[in-house]
Amino acid sequence: MRKILLLISCLAFSSAVLAADNPCESNSGPYGPMTCTDGSVPSLSANGPLTVSGTIVQQGTEVNGSLTANKATFHDVTVNGDVSLNQSTVKGAVVVNGVLTAIKTTFAELVTLSTNASSFNDSQTKSILVQNSGDGVVSPQTITLSGNTIVTGDITFSGQDGLVNVGPNAKITGRVVGGKMVQAKATPTAAPKKTAR
C-alpha cells in the first residue's frame with residue numbers, strides 16, 4: 001500500500017512540475033484564447049487569440065487567430081490574423097495574413113504580408129514582401145515606417161500598386177519595388193524667441 005501511495009504522489013508531483021514548466025495556458029482546449037507568460041516552449045500552435053508575454057519560442061509559431069506579443073522571442077511565425085508585436089524579436093521568416101503592427105521589434109528574415117496596411121515603429125527588418133491575396137485586400141496596400149525604423153532590404157509589392165510612408169527618421173537601404181515611397185519631411189524646430197531687454 002505504501003508503494004502505491006508513493007507512486008501516486010510521485011505522479012502527482014511530476015504532473016505539477018510539467019504543468020509549471022509550460023508557460024502557456026488555455027482554458028478551452030485547442031480552440032479559443034491562449035496565454036503564454038515567462039518561460040520557454042519548443043513550439044506554439046493556437047486556434048484563437050494568442051497573447052504572449054516574455055516567452056521564448058524555440059521553433060515555429062502557428063496561429064489561426066490574432067497574435068499579441070510583448071518582450072517575446074520567436075523563430076518562424078505564421079499567422080492567419082492580425083499581429084501586434086512590442087519589444088520582441090523574430091529570428092526566422094514571418095508570414096502574416098492580416099495587419100502587422102510592430103513597435104521596437106527586430107525581424108531577422110523576410111517578412112511576408114497579405115494586408116491592406118501594416119506599420120513598423122522603431123523597428124528593424126530585412127526585406128518585406130507584400131502579397132496581393134485578393135481576399136479583401138484593396139489598393140493601395142500601405143506600409144508605414146515611423147520612428148527610427150530601418151529596412152535593410154527591399155520592400156516589394158506583388159500587386160504593383162503599393163505605398164510606403166516613410167517617417168523623417170526612418171530609412172530604407174534597399175528599393176521599393178511595385179510601389180512608390182513618400183518620405184515625410186522633418187518638422188523644423190522653431191528658434192527660441194529673444195526676449196527684449
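Thr61 counts as buried, with a relative accessibility of 1%. The model described here is predicted. Thr61 sits in strand E7, which covers residues 61-64. Beyond the residues up to four places away in sequence, Thr61 touches Leu44, Leu50, Phe74, Asp76, Val77 and Thr78.

Strand E7 belongs to an open sheet of eight strands. The order is E4-E7-E10-E13-E16-E19-E22-E25, and the pairing is parallel. The edges are held by strand E4 (44-47) and strand E25 (176-177). Each has a single partner strand, so one side of each is left without a neighbour in the sheet. Leu44, one of the contacts of Thr61, falls within the stretch 44-47 of edge strand E4. Further along the order, strand E19 (residues 128-130) runs parallel to strand E22 (residues 155-157). Three bridges join these two strands. Across this pairing, Val130 stands opposite Phe157 in E22.

A second open sheet has 10 strands. Its order is E1-E2-E5-E8-E11-E14-E17-E20-E23-E26, and here the pairing is mixed. Strand E1 (24-26) and strand E26 (179-183) stand at the edges. Both have a single partner strand, so one side of each lacks a neighbour in the sheet. From one strand to the next, the twist averages 10°. Within this sheet, strand E8 (residues 67-70) pairs with strand E11 (residues 83-86). The pairing is parallel and extends over four bridges. Leu67 has Val83 in E11 as its bridge partner.

The largest nonpolar core contains 38 residues. Phe74 and Leu145 have the most contacts inside this core. Phe74 is also among the residues touched by Thr61. For Leu145, neighbours within four places in sequence are again left aside. Its contacts are then Phe120, Val151, Ile155, Val164, Asn165, Val166, Gly167, Ala170 and Ile172. Ile155 lies in the stretch 155-157 of strand E22.

One aromatic pair is found in a search of the whole structure. Phe107 and Phe120 form this pair, with an edge-to-face arrangement. The ring centres are 5.8 Å apart, and the angle between the planes is 75°. Phe107 lies in strand E15 (residues 106-107), and Phe120 lies in strand E17 (residues 117-121), so the pair ties together parts that are 13 residues apart in sequence. Both Phe107 and Phe120 are buried. Phe120 thus links two themes: Phe120 is in contact with Leu145, and Phe120 is a member of the aromatic pair. Strand E17, the strand of Phe120, is one of the strands of the mixed sheet.

Technical notes. Residues numbered from 1 in each chain as written. Predicted model: local features only at pLDDT ≥ 70, side-chain atom pairs only at ≥ 80, totals over all residues. Heavy atoms only, no water. Pairing = 2+ DSSP bridges. Buried < 20%, exposed > 50% of the residue type's maximum accessible area, 1.4 Å probe, protein only. Contact = heavy atoms within 4.5 Å. Axes fitted to C-alpha atoms, helices over the stretch in contact; angles between N-to-C directions. Core = buried A, V, L, I, M, F, W, Y, C linked by side-chain atoms within 4.5 Å. Phe/Tyr/Trp six-rings, centres within 6.5 Å; stacked < 30°, edge-to-face > 60°.
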